[in-house]
Amino acid sequence: MNGENFCLSEKIVSSSYVRQGSQARRGHEQLIRVLLEQGKCPEEGWSEATIELFLNELAVMDSNNFLGNCGVGEREGRVASSLVAKRHYRLIHGIGRSGDIAAIQPKAAGSSLLNKLTNSVVLDILKLAGVRSAASCFVVPMATGMSLTLCFLTLRHRRPGARYIIWPRIDQKSCFKSMVTAGFEPVVIENVLEGDELRTNLEAVQRKIDELGAENILCLHSTTSCFAPRIPDRLEELAVICAKHNIPHVVNNAYGIQSSKCMHLIQQGARVGRIDAFVQSLDKNFMVPVGGAIIAGFDEDFVEEISKMYPGRASASPSLDVLITLLTLGASGYRKLLSERKELFCHLSQELSALAQQYGERLLHTPHNPISLAMSLSSLQTHGGAITQLGSMLFTRQVSGARVVQMGVEQTISGHTFRGFMSHSESYPYPYLNAASAIGITCDDVALCIKRLDKCLKSLRRETGDSEHVTDPNFPQDK
C-alpha cells in the first residue's frame with residue numbers, strides 16, 4: 001500500500017499497529033530501492049516475502065495485469081491456466097521485442113525491468129566470480145550449444161568469407177553441433193597427452209591457421225570446463241594467437257563460473273590477448289532448471305550485436321529463475337557455495353584416490369582440472385563388457401553424473417568420425433570413470449557415491465573371478 005492507504009487504514013485499525021506495518025513495508029522497499037539504484041546482487045539474500053512482493057510489483061506493470069485492459073491484438077499475454085500464471089508470477093509477455101531481445105516492451109514495463117535487472121545482477125556475479133573486466137552480458141533462453149551457435153552466426157556478418165572454426169577437441173556433442181548448425185566446418189585439433197592430462201596442442205593450432213589462412217577462419221572455439229582427463233584449454237596462449245592473427249575467439253565456459261581457475265583463465269586471456277565472447281549455462285552454475293545461458297564479453301558493442309541477432313521475443317523464465325535464485329542467495333550465499341564446492345572437490349579427490357588403490361587402480365593425475373576427476377578402470381578392460389556394466393550398475397543404484405569411458409569407441413557426428421569418443425583423444429591409454437564436484441554437491445553425495453561405487457566394484461570382481469585386489473573389509477559399505 002502507498003502512504004495514503006496507510007493513513008486511511010488508521011481509521012479502521014489502531015494507528016500504532018498501522019505504523020508498524022508501514023515500517024515493515026518500508027524495510028522491503030528499501031531492499032528493492034538499493035537493487036534498482038545499484039543493479040548489483042545484494043550482499044545478503046532476500047526473504048521469500050521480499051522477492052514475491054518485488055515480483056508482484058513488476059507484474060502489475062505489465063498490460064496483461066492492468067485492471068481495465070482491453071486487448072485486441074494477437075499477443076496480449078492471455079493465459080488459460082491459473083497454475084501457469086502463478087508459475088510465472090503473471091509475467092507473461094516475455095522479454096524483448098520482435099527484432100531485439102534486449103529492447104523495452106511498451107506492453108510490459110515490468111518484464112522489461114526484470115530483464116534489465118537480471119542482466120545487471122548476472123554481470124555483477126561474473127565479476128565476483130573472477131572475470132572483473134567483463135563489460136556486458138545477457139541471459140538468453142537457450143542452453144549453451146544454441147547460445148554458441150548464436151555467437152557464430154553473429155560473427156558471420158563480420159567475416160562473411162570465413163568458413164572454418166578451429167576447435168581443440170572436446171567430446172561433447174552439443175559443442176560440435178553448435179558449429180555445424182551455424183553452417184561452419186569445424187577443424188578438430190587433437191589434444192596432446194602430458195602425463196595423464198590432455199592439453200591444447202598449440203603448435204597444431206598455429207599450423208592450421210597458416211594452412212587455412214586467418215581470413216578464412218571464423219573464430220577459434222576453446223573450452224574451459226570439461227571432463228577429466230581433458231583440462232581447460234591454454235586460454236592465454238590461444239588468446240595471444242587470436243590477437244596476433246586478428247581471429248575472433250569464443251570460449252565455451254559451460255560450467256566454469258563455479259571455478260575460480262576457469263574464470264581466471266578467461267580474465268587473463270582477455271588481458272593478454274583476444275576473447276570476444278564467453279558462454280555459460282544457467283542450470284550448471286546457478287542450480288536453476290535447464291533452458292538458459294549467459295553470453296558475455298569484453299566489448300559492450302559486440303555483446304549487443306549478438307543480442308540483436310536473436311530473432312523475436314524470448315521467454316522470461318530463465319531470467320526470472322536466475323534472478324530469484326541470486327536474490328535468495330545474495331552475493332555472500334553464492335560465494336559460500338563456491339567455497340564449499342572447492343572444499344568438496346578436495347574431499348572427493350581423496351576418497352576416490354583411496355578407493356582406487358584398494359582395487360589396484362589410481363586416480364588420474366589431472367591437477368589442472370578444477371571440477372572433474374577421473375579414476376582408472378584398467379583392471380576391468382580385459383573382462384568384456386565389465387566397464388559398461390559398471391556404468392549401468394551405478395545408474396541403477398541412483399549414482400547420477402558419474403560416467404564410464406571405454407577405449408576405442410567410435411562416434412560419427414554430422415559426418416565427422418571421432419575415434420576414442422568421450423575420451424577427448426584418439427588413443428587415450430586407459431579406460432576410466434568420471435566424477436565431478438559441481439556447485440551444490442554435499443558431503444552426503446560424496447559418501448554415498450563412494451559406498452555404492454565400492455559395492456559395484458566388489459560385485460564385478462566376484463563376477464569376473466578377479467580376486468587379486470579385494471575391498472578392505474574395514475572400508476564402509478553401502479547400507
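Biologist: What is the mean pLDDT of the protein?

Modeller: This is a predicted model, and 97% of its residues reach a pLDDT of 70 or more. Residues 469–479 are an exception to keep in mind, with a pLDDT below 50, although this stretch has 24 contacts in the model beyond near neighbours in sequence. For the protein, the mean pLDDT is 93.

Biologist: Is strand E2, residues 164–168, largely enclosed by the rest of the structure or exposed, and how many of its residues are buried?

Modeller: In a regular strand the side chains alternate between the two faces of the sheet. In E2, Tyr 164, Ile 166 and Pro 168 point one way while Ile 165 and Trp 167 point the other way, and all are buried. Strand E2 is therefore largely enclosed by the rest of the structure, the number of its buried residues being five of the five.

Biologist: Which residue in E3 is the bridge partner of Ile 166?

Modeller: Strand E2 pairs with strand E3, residues 185–189, in the parallel sense over five bridges. Together with helix H7, residues 173–181, these two strands make a right-handed β-α-β unit. Within E3, the bridge partner of Ile 166 is Val 187.

Biologist: Which residue of E6 stands opposite Ile 166?

Modeller: Strand E2 also runs parallel to strand E6, residues 217–223, and three bridges join them. In E6, the residue opposite Ile 166 is Leu 220.

Biologist: What is the bridge partner of Ser 372 in E14?

Modeller: Strands E10 and E14, the latter covering residues 432–436, run antiparallel and are joined by five bridges. In E14, the partner of Ser 372 is Ala 436.

Biologist: Is Thr 382 buried or exposed?

Modeller: Thr 382 lies in the loop between strand E10 (372–376) and helix H14 (386–396). Its relative accessible area is 66%, and a residue counts as exposed over 50%. Because of that value, Thr 382 is exposed.

Terms used: Residues numbered from 1 in each chain as written. Predicted model: local features only at pLDDT ≥ 70, side-chain atom pairs only at ≥ 80, totals over all residues. Heavy atoms only, no water. Helix = DSSP H or I, 4+ residues; strand = E, 2+ residues; numbered from the N terminus. Buried < 20%, exposed > 50% of the residue type's maximum accessible area, 1.4 Å probe, protein only. Pairing = 2+ DSSP bridges. Right-handed = clockwise from strand over helix to strand, strands pointing away. pLDDT = per-residue confidence, 0-100. Contact = heavy atoms within 4.5 Å.
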